[in-house]
Amino acid sequence: MAKTSEPAIGIVVMRVLADEPRQTASVKTLVNRVPEFIELTDEDLEPSLTRENEAVWEQRVRNLKSHHKTEGNVFAEGFVEYVAKGTYRLTEAGRLHLEHKGLI
């Protein structure tokens, strides 16, 4: 199986946020909880080539904020917002999107 795409990781992050109190979580919490919501592939679990001590999928979680202007990104679509250093929150639009897709 191939690596999980960044947009797919974004949806998983949204699902984690929906499950958190106040729909808010630190990146550390997201990295800890993402594996509860998705079966990571062997390629996802490979070490990142650019971030020491981090797997490829963890880098993709962190890249969501870095790529916040990219079409299809959960930040660009208004589904997740940055609320403080290293902290994300699911927006009302994000919650409605998950409900519409039957993911919460």
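**Aromatic pairs, sheet and nonpolar core**

The structure, which is a predicted model, holds 2 aromatic pairs. In one of them, the rings of F75 and Y88 have centres 4.9 Å apart and planes at 85°, and the pair is therefore classed as edge-to-face. This pair links distant parts of the chain, since F75 lies in the loop between helix 4 and strand 2 whereas Y88 belongs to strand 3, the two residues being 13 residues apart. F75 has a relative accessibility of 12% and counts as buried, and Y88, with a relative accessibility of 3%, likewise counts as buried. The rings of Y82 and Y88 have their centres 6.3 Å apart, with planes at 55°, so that this pair is tilted. Y82 has a relative accessibility of 40%, which places this residue in the partly exposed class, because buried residues must fall under 20% and exposed ones over 50%. Through these ring pairs, F75, Y82 and Y88 are linked into a cluster.

The strands form an open sheet of 3 strands in the order 1-3-2, with antiparallel pairing. Strand 1 (24-26) and strand 2 (80-84) are the edge strands, each of which pairs on one side only. From one strand to the next, the twist averages 30°. Strand 1 and strand 3 (residues 87-90) run antiparallel and are joined by 3 bridges; A25 has Y88 as its bridge partner in strand 3, and Y88 is also a member of the aromatic cluster formed with F75 and Y82. Helix 1 (residues 6-19) packs on the sheet, where it touches strand 1, strand 2 and strand 3, and the direction of this helix makes about 80° with that of strand 3.

T87 is another residue of strand 3, and its relative accessibility of 17% means that T87 counts as buried, given that the limit for this class is under 20%. When residues up to four places away in sequence are not counted, T87 touches T24, A25, S26, E81 and Y82. Among these contacts of T87 are A25, the residue whose bridge partner in strand 3 is Y88, and Y82, whose ring pairs with that of Y88 in the tilted arrangement.

The largest nonpolar core comprises 23 residues, of which V13, L17, L30, W57, V61 and V80 touch the most other members. At least two residues of this core are supplied by each of helix 1, helix 2, helix 4 (56-66) and strand 3, and the greatest contribution comes from helix 1, with 6 residues. In soluble globular proteins, nonpolar side chains tend to be buried together. For V13, the contacts, not counting residues up to four places away in sequence, are with L30, V34, V61 and L64; of these, L30 and V61 are, with V13, among the core residues that touch the most other members.

With a relative accessible area of 16%, R33 is buried, because the value lies under 20%. The side chains of R33 and D19 are joined by a polar contact of 2.5 Å. Apart from residues up to four places away in sequence, R33 touches V16, D19 and E20, and of these V16 and D19 fall within the residue range 6-19 of helix 1.

Definitions and conventions: Residues numbered from 1 in each chain as written. Predicted model: local features only at pLDDT ≥ 70, side-chain atom pairs only at ≥ 80, totals over all residues. Heavy atoms only, no water. Buried < 20%, exposed > 50% of the residue type's maximum accessible area, 1.4 Å probe, protein only. Polar contact = N/O pair within 3.5 Å; in protein donor to acceptor, adjacent residues only side chain to side chain. Contact = heavy atoms within 4.5 Å. Pairing = 2+ DSSP bridges. Helix = DSSP H or I, 4+ residues; strand = E, 2+ residues; numbered from the N terminus. Axes fitted to C-alpha atoms, helices over the stretch in contact; angles between N-to-C directions. Core = buried A, V, L, I, M, F, W, Y, C linked by side-chain atoms within 4.5 Å. Phe/Tyr/Trp six-rings, centres within 6.5 Å; stacked < 30°, edge-to-face > 60°.
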